[in-house]
Amino acid sequence: MATRRSALSALASAAVLAAPLALAGCTAGSTAMVGTGPSTLAVGLTAEPQNFDFTTTDGAAIPQALLYNVYETLVKVDSDGEIVGGLAESWDVSNDRTVYDFQLREATFSNGEPFTASDVKFSIERVQQDWTISLKSGMDVVDRVEVVDDRHARVVLSRPSNSWLRAMTTRIGAMFDPAGVADLANDPVGTGPYDVESRRRGDSIVLTRNPEYSNPESPRPAPGYRTVVLKYYADATALNNALLSGGIDVISGVTAPDSLPQFEADNRFRVLQGTTNGEVVLAFNNRRAPLDDVRVRKALTYAIDRKALLEAAWGGRGELIGSMVPPTDPWFEDLSGEYPYDPDRARSLLREAGHESLRLDLRIANLPYAVSSAQVIASHLKKVGVTVDIEPLDFPAVWLQQVFTDADYDMSIVQHVEPQDITTFGDPDFYWGYDSDRVQRLLTEADTAPPREYIADMREVARTLSDDAAANWLFLFPNIVVAKNEVRGLQANQVSESFDLTGLRRQGTS
Amino acid sequence: MTTAERVAGGASPAAAIARRFVIFVGSVIVASIVVFAFMAVLPGDPAQVALGVNATPELVEQTRQEFGLDRPLATQYLDWVGGLLTGDFGTSYVTKEAIGPQLLDRLGVTLWLVGAGMLVALLIAVPTGIVAAVRHRKPSGVVVSAASQVGVAVPAFLAAIILVQVFAVQLGWLPSGGWTPPAYDVGAWLRGLILPAVSLGLVQGAVLTRYVRSAVLDVQREDFLRTARAKGLRPYPALVRHGLRNAAVPVVTVLGVQLATLLVGAVVVERVFVLPGLGSMLLDSVAARDLLAVQGIVLVLVVGVLLVNFLVDVLYAVLDPRLRRS
């Protein structure tokens, strides 16, 4: 009896195991893959795009992969933060600074359609009408777009705006073809050097040279690599191992600084370190007691030794900033020395505010930089009589709900990566709860002011935020790129939203 | 209680199967309700996640309407189940793609991994378990048995990390991760499958070794084996010829249970080796609050486990001679 039963049982298990395996054999090979070779570059990244439509899905992952590579903009930012020409060869601004005349270069979309001024009109109007992500508000200032001729587009603003042209370097400035927006989530059509060839979810996106990018009508240098594979690794160790074992050629941004010495000591690799737009911010809930008291916020700023924090939390990689401005913004001013580490001063400020001891919650994004920073902050604040309850929240979902939307927090830590996000302090409903007439007025004035006053006004905003201790800017997240030696053309600074593949090439090729 | 015992005692095989089937369908329905309910109480708003920071409340509300999240829960549930009945898992509001084909693709990767992991487990467990049993009074047998105890205590992810360090990073023999479909390049596919399968199978193999050992020990005490030894057969030939088929009974039962454990282990191993399987899809979907996708994946996993049980039961009911006689 026992023998018979075992045979049956084995048969059942075998049938259950074998049937799906047969199925797996049929389904797993559905994506075309590319081989490796000298004309292929494999780049390791961390955040995978859920789809290709950045007009309705927010987040850094989609523009990182597609902007400048698949979609181009009229103007772009270079690695020093300067605005340079993209699809616009040149542009003129009227004296009242409301009319922009763009002279367009010859270009062709990957579907074969030529790029003309009517595409500029289409793309800008589409931002206003069809986009849903909040960044679309950058296009609110555009009154109308005129097609002067095929190569000449005129954008008329309802008022002068310094931020508009800079916003045009981000994803909202991407140029679309009316015939190419049918399935943005899966089939992007742009004028860029690369076209999306295939993707395997949970694994990779394959980009191949767009044959239309460089042709006799629009001569420009073709990208150095014929094929680029963007491979996604949710786990920092897996990403490092992939480079160490030859699975990829470049790590686009190291998220585990502890691992850097092994790359620096290895002569197969090069390590580039630069800046990003990512301010790691200890947010104070300015609306909630006791943090509505500037003395408490200042005390908490004096009480944290940011240099030691950077050392402990992120291996000393990154820069101290002191306000919501990265060094690549034109109005950058080094304010990192405004609140030197001074626990005595912190204690006396707290006493002055009537708090011998305090208990505050610290609801952070459950990301490595936030977790390690939070521990340092808790230990520093303890020395001045502040007890901190650290609560890591699932990022993005739970953090967005609890901290960002409901503003149910005392302190939080998250990295703010959007360019020029200093303007969020002008919105009293933003989760900072920071409501300053002066900052709101300055920001409005700055945007319409002549360029020189613009810079001065923005500088003033940054200074006011620092004076008010509106938040504690812990450090600027570093951009750390590790690459095999033969990969050339990488930029140290990450100032745009894109991981720009245009200038990359293998050593020894032109 | 073994599966066979649970089924035995029923009237005709057909009635037993029918009863099993009702239980199976009932379990699936309950599972679908539980899965849906869990998604409904999960903190984090899918619309908010899709729109990200800086989204205005109006926009979030509008997107919630587009996703159909403003409808009553019962309507959402019935809508979802109605789709499932026609094989439609819905369209993800995060990826904007049909979930069904994506799920099938990911399931393929996971099943390869689980199958290969199971194979590794068997290749480890059967020989070592037999050796440990036959030599259980000798030092070598004790060492094998102790080693399997250590193996049980090592989590799959730790095994994975160590294997990657040694064989991918240090020696460079095998890739540290990634997936090549077998249809594209069988060699690359196999090379990529070895480390994940070994990490997954090592632990399960250690667990299984102990069952093989005790099963073989039990069989060795049986009269027929003593007779075989008395006939003059040496221990291993006696075991191979007369004992293994009997020892396989409890082992195969455990193997069925391990299938579920392997699926869970695969989730972690897929993460470490960056394999685009069901586990990594589940984790990504949870992070993006892609509720429809999460519901679909969890339901597929639950139904898979229920299906294994059901099929085993059916086979017993159909083929067990005692049932046939009644």
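Chain B is divided into domain 1 (14-86) and domain 2 (109-324), with bounds that come from an automatic or database domain assignment. This is a predicted model, in which local features need pLDDT of at least 70, side-chain atom pairs count only at pLDDT 80 or more, and totals for chains, interfaces and linings use all residues. Residues are numbered from 1 along each chain as its sequence is written, while chains are lettered from A and ligands numbered from 1 in the order in which they are written.

- The centres of domain 1 and domain 2 of chain B, taken over C-alpha atoms, are separated by 33 Å.
- The contact takes 15 residues from domain 1 of chain B and 16 residues from domain 2 of chain B, two residues being in contact if their C-beta atoms, placed from the backbone, lie within 7 Å.
- On the domain 1 side, H2(B) gives the most, with 11 residues; helices (H or I, at least four residues) and strands (E, at least two) are DSSP runs, numbered from the N terminus.

- The unreviewed UniProt entry annotates "transmembrane region" over stretches of chain B including residues 21-42 and 188-212; positions are given in the numbering used here, feature names are shortened, and annotations may be inferred rather than shown by experiment.
- Residues 188-212 of chain B are 100% helix and 0% strand, with end C-alpha atoms 33 Å apart.

**Confidence**
- Chain B has a mean pLDDT of 81, and 91% of its residues reach 70 or more, pLDDT being the predictor's confidence in each residue, from 0 to 100.
- The model scores ipTM 0.75 and pTM 0.83.
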